[in-house]
Amino acid sequence: MTYQPPFKRDPGPSSVKQTHFLPLPPSTHDLPPPPAYHLPALITTYSHLPDRSISHDDTSMTYYRPAPIGCDLSYGFERRTERDEEVDEHLDGLCESLEKVEREGQGKGERRGGVITWRGMITRIMTAPFEDRDGWQMTAIALDGSVYLELYDPSEARARKRQQESSWALQSYMGYAFESFSTVSRDHTDEENAVKGWGGDVNTNVQWCNVIRSAIGEIPLCLGGEVDCVRSEIGSSYPGLSETMELKTNKIIENERQDAVFHKKLLKHWAQSWLLGVPEIQVGFRDDAGILRSQKRFETESIPRFIAALPNPPWSTPPALHFLHAVLSLVTTHVLPTDPLVTQPEVRSSVQDKLPPATVWRLSFVPRRGVELYKIG
Ligand code: A3P
Ligand code: MG
Ligand code: MG
């Protein structure tokens with residue numbers, strides 16, 4: 001199927017390089033209604049444990065308890081355990097959990113013809129029309145009827161990013177500390193103590209992941225992403241997506257400029273949560289020293305209306321949804337036919353032992369311009 005985006009597809013100079021170019025949609029209000037993003041349905045969950053190993057259950061799920069105002073988000077910084085960013089996990093956890101679901105007899109038919117990836121990749125694509133600084137690259141391959149999409153992060157780029165991040169280490173830590181101050185784990189049975197706060201044990205290996213299926217327009221999506229916590233009684237079993245929450249931190253807002261920056265940031269918070277079906281975002285506002293000063297709750301689905309009511313809305317959802325649909329149409333149109341199980345059916349029997357060689361594609365985003373898709377091997 002060839003998708004005709006409602007905005008002009010510019011063949012541009014890139015057609016010489018045999019790339020497919022898709023420009024950004026206009027950010028005006030006269031776009032036609034965008035394709036719908038379907039209500040996410042939960043497929044499965046799994047947990048990363050303190051040593052980063054995977055347990056196919058809700059061991060790492062935590063329960064929301066409001067962080068105490070006045071708590072120090074820099075507490076425990078020197079004792080933190082950070083995930084080894086050198087290890088590129090690709091889509092391993094997500095694929096392992098899907099394989100388990102399939103082994104246990106649930107079909108994969110609904111994902112055929114679509115895209116399997118981390119929620120963060122879809123957030124990047126959706127927010128690209130409003131991104132004027134950071135470009136990105138992704139790798140796409142087709143296998144067994146689906147496109148697998150992951151971040152392409154060559155080691156030099158990763159080293160550069162790590163260096164930048166080291167200067168933000170404390171700030172980043174405070175985000176995790178807020179999550180820890182706002183949650184208690186399932187084996188924490190002492191509710192009174194739990195409410196008082198937390199002991200400073202940030203370990204970024206620990207994550208609770210939800211795997212959902214959804215669709216943008218007619219394109220099926222299977223997404224994995226971290227969920228911060230649930231609104232439920234300590235020790236209870238997972239109540240479902242409707243009770244999940246995302247936790248975020250922000251510097252306290254003291255002037256109009258900071259307010260405008262926060263409104264821009266809400267695009268990523270909204271997209272990240274909405275894609276996975278997380279209905280609530282709790283934002284903790286901290287001062288420069290890391291002291292939590294206030295908190296505010298946002299309903300994910302009402303964030304776009306809140307932004308639209310501003311005198312100069314910095315973003316809106318139609319360009320984001322149009323662009324997501326157009327990019328994924330481009331990807332599925334070109335990448336799916338290169339599925340080795342379609343082009344070389346004889347390799348199907350060997351698939352259980354070893355993945356067949358796949359055609360590798362690159363999706364590359366240049367801010368303010370658009371994306372290019374090209375074959376790299
Ligand atoms: P904040 O977003 O509140 O600052 P998430 O909110 O996605 O669950 O991530 C939890 C915290 O991890 C973030 O909290 C931030 O501190 C840190 N973090 C997430 N992504 C990051 C990145 N790319 N670089 C540095 N820190 C990051
Ligand atoms: Mg998180
Ligand atoms: Mg969070």
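Two strands are said to pair if DSSP finds at least two bridges between them. Helices (H or I, at least four residues) and strands (E, at least two) are DSSP runs, numbered from the N terminus. With that in hand, welcome to this predicted model, where local features need pLDDT of at least 70, side-chain atom pairs count only at pLDDT 80 or more, and totals for chains, interfaces and linings use all residues. Residues are numbered from 1 along each chain as its sequence is written, while chains are lettered from A and ligands numbered from 1 in the order in which they are written.

**The sheet**
- Strand β2 (residues 41-48) runs antiparallel to β9, joined by seven bridges, and Ser 47 stands opposite Trp 208 in β9.
- On to the next partner: β9 and strand β10 (residues 219-226) are antiparallel too, with eight bridges, and Arg 213 faces Cys 222 in β10.
- β9 and β10 make a hairpin with two residues between them, and Gly 217 in the turn has a positive phi of about 60 degrees.
- Seven of the ten residues of β9 (residues 207-216) are buried, meaning that 20 or more other C-beta atoms, placed from the backbone, lie within 10 Å of a residue's own.
- Ten strands form an open sheet with mixed pairing, in the order β1-β16-β15-β6-β7-β5-β10-β9-β2-β3.
- At the edges are β1 (20-23) and β3 (54-55), each pairing on one side only.

**Helices on the sheet**
- Helix α1 (residues 92-103) packs on the sheet and touches β2, β3, β5, β9 and β10; contact here means C-beta atoms, placed from the backbone, within 7 Å.
- Helix α8 also packs on the sheet, and the strands that α8 touches include β1, β5 and β7.
- α8 (residues 317-335) has 19 residues and reaches 26 Å from its first C-alpha to its last, close to the 27 Å expected at 1.5 Å a residue; the expected span is 1.5 Å times one less than the number of residues.
- Because 16 of the 19 residues of α8 are buried, this helix is largely enclosed by the rest of the structure.

**Around ligand 1**
- The residues surrounding ligand 1 include Glu 165, Tyr 176, Asp 228 and Lys 248; a residue is near a molecule if its C-beta atom, placed from the backbone, lies within 6 Å of it.
- Helix α4 gives the largest share of this shell, five residues, and both α4 (169-181) and β12 (244-251) supply at least two residues each.

Notes
Buried ≥ 20, exposed ≤ 12 C-beta atoms within 10 Å, placed from the backbone. Contact = placed C-beta atoms within 7 Å. Axes fitted to C-alpha atoms, helices over the stretch in contact; angles between N-to-C directions.
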